[in-house]
Amino acid sequence: MGIPSADWLVRPIGPVDEAEVSAVLAERFGVTGTVHDLGSQQDRNYRVRTETGDYVLKIANPASDPAALRAQCAAVERLADPSGLRLPRAHAGVDGEVVQRLSAGGVELVCRLLDYVPGEPIMDSRYLAPPVVARLGELAGRVVAGLADFAGVEQERPQLWDLRNALTVVETLAPHLPDQERAARVLRASRAAHTLLEPFVDRLPVQVIHGDVTDNNVVCEPAADGRRMPVGVIDFGDLGLGWTVAELAVTCASVLHHHGAGPASVLPAVHAFHAVRPLANEEVDALWPLVVLRTSVMVVSGQYDTLLDPGNSYASVALDREWAMFEAAVSVPAEVMTAQLRHALGRPSAQLLPVAEHTLLPGLPDDVASLDLSVSSEELHTGRWLAPDAETVLARATLTAGHTAVRTRHGEFRLTRTTVDDSVPAATCALGVELHLTGPAEIRAPWAGTVTRHGDTGVTLHTGGLDLLLDGVDAEVQPGPVVSGRRLGTVAVREGVRVLGIQLFRSCATGGRPPRFAPPELAAGWLEVCPDPTRLFLAPDAPDASSSAPYDAPLSARDAQQAITEAELLERREHSFATVQEHYFETPPQIERGWRHHLVDTRGRGYLDMLNNVTILGHGHPGLGEAVHRQWRRLNTNSRFHYASVVELSERITGLLPAELDTVFLVNSGSEAVDLALRLAWAATGRQDVVAVEEAYHGWTYASDAVSTSIADNPNALASRPPWVHTVAAPNSYRGRHRGPQARRYAPEAAARIRELADQGRPLAAFVCEPYYGNAGGMALPDGYLRQVYEATRDVGGLCVADEVQVGYGRLGSHFWGFEQQGVVPDIVTVAKAMGNGHPLGAVITRRDIADAYRTQGYFFSSAGGSPVSSVVGLTVLDALRDEDLQTNAREIGAHLKGRLLELAERHALIGAVHGSGLYLGVEFVRDRESLEPATEETAAICDRLRELGVIVQPTSDRQCVLKIKPPLCLTRRSADVFADALDDVLTHGW
């Protein structure tokens, strides 16, 4: 097979002997040092280390024009200093020229000595976070903005990487490549992209561009969170005239081979580029076809280079990476990505549909019911949406209720398409509609066109670039032209059901049929290509017709409205809801549905909830919902009235505790419970001094906040405590004052402090502590800690308060209460969170004599504490914990999950420790296992990446470096593995 020849095809040069390189350095530049070959696709690059600094010697390909090399140096100087970029500035040789000549292997070459730009590229396949992608786009924008009026490059011979030549390059090289199947795909994609590009080629701005601002040609330095952030641009070897938007296309293409990347991954780069150098409408329309062409050129040129130089490992290693970019670029039609880009930049198109001259279903009744399959659907409760036939079941139920026709809604993010335990977002946005009918219905052509058949019951009506796709047709018409109003057939009956699928599709250059559903991140683009067909069969004044976007509106209007709603809701929250009441994540998903240990946002994205220790039973528990519904209809008042449920709940709670803890107070929250516990201690002892453990959180009321010592919740917690609060060291056996076996010293030190206070005339009213250290990340107290501290407290006449707000109710698996793990019995127990499964319900349980002592302070009353509804909630939660054996599940699944996490710790150095028991776990991240430097910023970034993979988790501890793992106790083994696999993915491929 012959090798093609063209003036833009460049044969790579082979290695140059390092002795020759050293001689050139000394003779031409007066530099001596060690030399290391960096590899290159066509040129030769050598790193030069000297005592005064590092350089790169670039030996150019023989085809390189010395004038072009000087222009590259001038362009770097143009971008230097004001931009703040790290750049490879050139050093003149001993004769004052930046371009020097040399002879190597009998070939005349030229070279330059450039500054070595410190930092590393990011061309490996690790995941690129949105901020990193945005920085790439920003750098590309800054480079083209800085070179906008640079005139140092004359019009020159065509270049391989100039995208104005892309189709020519592909058509020249593709026939000669060894893998002709791939070559044919690339050729087809390139021609389709070029067809889309042709209307704009004469209107796209041209200037001098770098031409290769990619992951391989930027240098990065680690940010605080461990991400490699681009700080400089290198390798100006492709500098030349080109379309300005081609710079961005090249950058976007380089993102596509990274782990987890898809077409939507480039959007941060587009936004950032546009902020620096605004894109014209025609440039937006040209961008994705140029991305396809760029990846196509990379594939064919990479294979061409390996033909010319089979031993060039630099070129051969890149082949898989280049193919991955191409596959991602063509994974959706360019028209879809163009629409998505327009939408992202606030420029949706307003294309109109042809006027329907005849209704599609002339005999359709007026009472077509609209089926609500959205995340907010009232019909899809109690997890019914997870059933594979949920849509059909709901449609049949609606028809049975008296309707003769039921339709689904276009552009709806369907809950029925949501998947759980899946790191890849499901395709949830409906790109068409379905009609469910009880009786026969004829189908007519709404406009003239050409009919084709697909499958047994599929008909497509082609009309001037628009396709009407019908599935479920007993077709009567033969393939070929049809006039408007022509009868096409009737709705087919399959398994006793008449269902007609209807979809509109603006034909794409790549051909093919559209999917029925689009993933949320590309919904806007697909909705523009697949407009709403509802008005083809539903009159504009029909009931609920307003739910369909009108034909004269932008085709992405429904998706745009959805996005605006989410953004506006967050803005309204920040305007009216105190900002100190923070929300998870900088750009939080709007969560409107939950089921068991899963959450669902408004776009149908399912998440694994590994965080929510409030909903111990899980979200949407049917038994709890039904019990609350019944009681609300029956009675809800305050606990001063006499009714059975408050008595039953009090008895059930005391029955779960040691016999001496026989009296219950019911309140609304954990904060109130701890506050009341302290007030009980004050009343019973006649004292106020309290000893609390450092790094703990107990609540937000006056008293509970006073004994909260966590600086994560209140940076001034240690400095702002009232004088009656005293602290002892956090018994943290991993990173505290005493570690490992030495952690046994915490208890006697705390006991000594308590006795010391008594000797100073300040005997305690109470010692308050979580019996399993929650704020530190789910860490067990040292063995015997509470026994020794409780003994000292009681010796001085104080009371022992166990804060079970987070750990109680079986979360540990091995014990129902945390204090049981320590083998002690407290005087007062506080509980909340799990007690109400998210309903505001808490309790204080103590001895009768302590409860009676509160009479000295007056009386106690909580308006909603122990109300009939709250009491029924508490009873139902206890029933479910028992009947569903959730404590056993916490023990078994928690043990499995902890084993998985410990295995990850063996492979990932960032994991310093795995804490906890049952489903009360913590994974602590450290930058160094010896110094235990907390990986605070990395932890936050890891949580962001896990959210992208469908897992909700957040940091905890004073250092915010521990993953807080406290999911609902119904967590399954499958979901535990999904979490462990996702964490492994993040730690392996980056965050």
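Which residue in S26 does Trp595 stand opposite? The residue is His598. This is a predicted model, so local features need pLDDT of at least 70 and side-chain atom pairs count only at pLDDT 80 or more, while totals for chains, interfaces and linings use all residues. Residues are numbered from 1 along each chain as its sequence is written, and side-chain values use heavy atoms, with hydrogens and water left out.

**The four-strand sheet**

Trp595 and His598 take us into an open sheet of 4 strands, ordered S25-S26-S27-S39, with mixed pairing. Helices (H or I, at least four residues) and strands (E, at least two) are DSSP runs numbered from the N terminus, and two strands pair if DSSP finds at least two bridges between them. Strand S25 (591-595) and strand S39 (951-952) sit at the edges, each pairing on one side only. Helix H25 (residues 973-989) packs on this sheet and touches S26, strand S27 (606-609) and S39; contact here means heavy atoms within 4.5 Å. The direction of H25 makes about 95° with that of S27. Axes are lines fitted to C-alpha atoms, for helices over the stretch in contact, and angles run from 0 to 180 degrees between N-to-C directions.

**Antiparallel pairs**

| Strand pair | Bridges | Residue pair |
|---|---|---|
| S25 and S26 (598-601) | 4 bridges | Trp595 and His598 |
| S12 (405-407) and S14 | 3 bridges | Ala405 and Leu437 |
| S14 and S23 (497-506) | 5 bridges | His436 and Val499 |
| S35 (828-831) and S36 (842-846) | 4 bridges | Thr830 and Val844 |

**An enclosed strand**

S14 (residues 433-437) is worth a look: 5 of its 5 residues are buried, so the strand is largely enclosed by the rest of the structure. Buried means under 20% relative accessible area, exposed over 50%, and partly exposed in between (1.4 Å probe, protein chains only). In a regular strand the side chains alternate between the two faces of the sheet. On S14, Val433, Leu435 and Leu437 are buried on one side, and Glu434 and His436 are buried on the other.

The crossing is left-handed, meaning that the near helix is turned anticlockwise from the far one by less than a right angle (clockwise would be right-handed). Among the contact residues are Leu649 and Ile653 of H15 and Leu875 and Leu878 of H22.

**Cysteines**

How many disulfides does the structure hold? There are 0, a disulfide being a pair of cysteine sulfur atoms within 2.5 Å. Cys111 has its closest cysteine sulfur, in Cys73, 11 Å away, too far for a bond. For Cys800, the nearest is that of Cys769, at 10 Å. Cys111 is buried at 0% relative accessibility, and Cys800 is buried with a relative accessible area of 0%.
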